[in-house]
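Please keep the sequence and the structure in view while reading the points below.

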Amino acid sequence: MEGLCALCEKHAELQLSHIIPKFIARWIKKTGATGYLRNVENERVQDGIKEPLLCSDCEQQFSRYENYFAKNFFRPLTKYVKFPKQTIPYDENLVKFILSISWRVLYGEIRDIKQSGEELNPNLEETLDSWKKFFMGQNQFDNPGVMILEEPSETIVYKPPKTIPNTHYIIPSYLLEDIPGRFYYKHFREYITRAADATLASDPEKTTQFIFIQLPRFSIVSTINPFVLAGIRSAIITDKGEFHTRFPLGNIDYLVNLVNSRVEAIFHLPLPLSEVEKIKKIISENPERAKESDTFKIKRKNQVLKKRVKKATKKGNRTWGSKKLHRNRKNTFSIG
Ligand SMILES: [Zn+2]
């Protein structure tokens, strides 16, 4: 299909671009008990969502960043549910990888908001525009130096690099379930270890808005407003630095609430009986594969969370959970 590339705006043959990178879907299938992907409607799918979005040059640019992340972070670390204590040096390819997904997600969200006739916050388009400029090499951004309050009472000034718009974070996902006193929905572990998901997240007043991306084992955030978020300072990814697999988090109730609400929205449909039968059949045909699979490994390790699950279901966790937030569950897939 010919059209305008959404990134460089050149007229070209458009590629079918994945919103969530292809290697993620491939990994979920390969390491699952059945070898199938499932979307949020509980239907089996071959692949993640694809749409004609980018020209082949832009698509290739994005796939270089994807290869970088896959090689240096995703492949070595997804062997573990809880990463070993480790420090991995990174260069600007890491933040480019984050922004390449966040840009695609925000692009789709803005288009969906426009189509739905809802009011569009001008902030979103400004942000999308600056992310596009980042990839087009016009990289001088007027980033504010920001005071960050971390618990218990540590204040630091964060000076972001001028070459990167907004603030971007990668959090090893298991850190989200280590918080004392928090309650979690059933399937929380399954979601953070084996699902792929991406959405615009927002509180009801829209004073806090960010792109949230869940990949197996990695939770990723790109801020829109405010410029930085509380409690996750150690997860900031700049133009170069070191990625730590273990670090303390501050108060991140907003993130746990968001994840709980995604888990609730995504796993709300029971699997049809016919599908359960199919899954049983696939597993019985190749029980060794299922037993050795990542899916079963996660299920076995899920015991610890169980006692905190019931209470969460009772209490509800709806601060971030308005139905509107789940509009683009189409970006979600998981293992069946
Ligand atoms: Zn292009």
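Of the 336 residues in the chain, 38% are buried. The model is a predicted one, and its chain holds 10 helices and 15 strands. Where contacts join residues at least 6 apart in sequence, 76% of them link residues at least 24 apart.

**Confidence of the prediction**

- The mean pLDDT of the chain is 84, and 87% of the residues reach at least 70.
- Strand β7, residues 87-90, has the highest confidence in the chain, at 98, whereas strand β15, residues 333-335, has the lowest, at a mean of 52.
- Across residues 314-329 the pLDDT falls below 50, although this stretch has 30 contacts in the model beyond near neighbours in sequence.
- Where pLDDT is low, the predicted coordinates should not be read in detail.

- Two packed helices are described by the angle between their axes and the distance between the axes.
- Helix α2 (residues 56-77) and α3 have axes that come within 8 Å and cross at roughly 120 degrees; the crossing is left-handed.
- On the α2 side of this contact are Phe62, Tyr65, Glu66, Tyr68 and Phe69, which meet Asn93, Leu94, Lys96, Phe97 and Ser100 of α3.
- The contact of α2 with α3 comprises six nonpolar, two polar and two charged residues.
- Helix α3 (residues 92-116) also packs with helix α4 (residues 122-135): their axes come within 10 Å and cross at roughly 145 degrees, again in a left-handed crossing.
- To this contact α3 contributes Leu99, Ser102, Trp103, Leu106, Tyr107 and Ile110, while α4 contributes Leu124, Glu125, Thr127, Leu128, Trp131, Lys132 and Phe134.
- Nine nonpolar, two polar and two charged residues make up the contact of α3 with α4.
- An α-helix has 3.6 residues a turn, so residues three or four places apart point the same way.

- Leaving aside residues up to four places away in sequence, Leu124 touches Leu106, Ile110 and Ile224.
- Between Leu124 and Glu109 there are 9.2 Å from C-alpha to C-alpha, and the two are 15 residues apart in sequence.
- Gly241 lies in strand β14 and is partly exposed, with 15 other C-beta atoms within 10 Å.
- Although Gly241 and Leu94 stand 147 residues apart along the chain, their C-alpha atoms are separated by 9.9 Å.

- Helix α6 (residues 253-266) has 14 residues and reaches 20 Å from its first C-alpha to its last, close to the 20 Å expected at 1.5 Å a residue.
- In α6, 10 of the 14 residues are buried, and the helix is mostly covered; among the buried residues are Leu255, Val256, Leu258, Val259 and Ile266.
- The buried residues of α6 also include Asn260, Ser261, Arg262 and Glu264.
- Helix α7 (residues 273-285) has 13 residues, which should span 18 Å at 1.5 Å a residue; its end C-alpha atoms are 18 Å apart, in agreement.
- The number of buried residues among the 13 of α7 is zero, so this helix lies largely in the open.

**Backbone features in loops**

- The peptide bond that joins Asn225 and Pro226 is cis, with omega about -5 degrees.
- Pro226 sits in the loop between β13 (218-225) and β14 (241-244).
- His187, a residue other than glycine, has a positive phi near 80 degrees; its place is in the loop between β10 (168-172) and α5 (188-194).
- With 19 other C-beta atoms within 10 Å, His187 is partly exposed.
- Arg217 likewise has a positive phi, near 75 degrees, in a residue other than glycine, and it is found in the loop between β12 (209-215) and β13.
- Arg217 counts as buried because 21 C-beta neighbours lie inside 10 Å, where the cut-off is 20 or more.

Definitions and conventions. Residues are numbered from 1 along each chain as its sequence is written. This is a predicted model: local features need pLDDT of at least 70, side-chain atom pairs count only at pLDDT 80 or more; totals for chains, interfaces and linings use all residues. Helices (H or I, at least four residues) and strands (E, at least two) are DSSP runs, numbered from the N terminus. The expected span of a helix is 1.5 Å times one less than its number of residues. A residue is buried if 20 or more other C-beta atoms lie within 10 Å of its own, exposed if 12 or fewer, and partly exposed in between; C-beta atoms are placed from the backbone. pLDDT is the predictor's confidence in each residue, from 0 to 100. Two residues are in contact if their C-beta atoms, placed from the backbone, lie within 7 Å. Axes are lines fitted to C-alpha atoms, for helices over the stretch in contact, and angles run from 0 to 180 degrees between N-to-C directions. A crossing is left-handed if the near helix is turned anticlockwise from the far one by less than a right angle, and right-handed if clockwise. Ala, Val, Leu, Ile, Met, Phe, Trp, Tyr, Cys and Pro count as nonpolar, Asp, Glu, Lys and Arg as charged, and the others, Gly among them, as polar.
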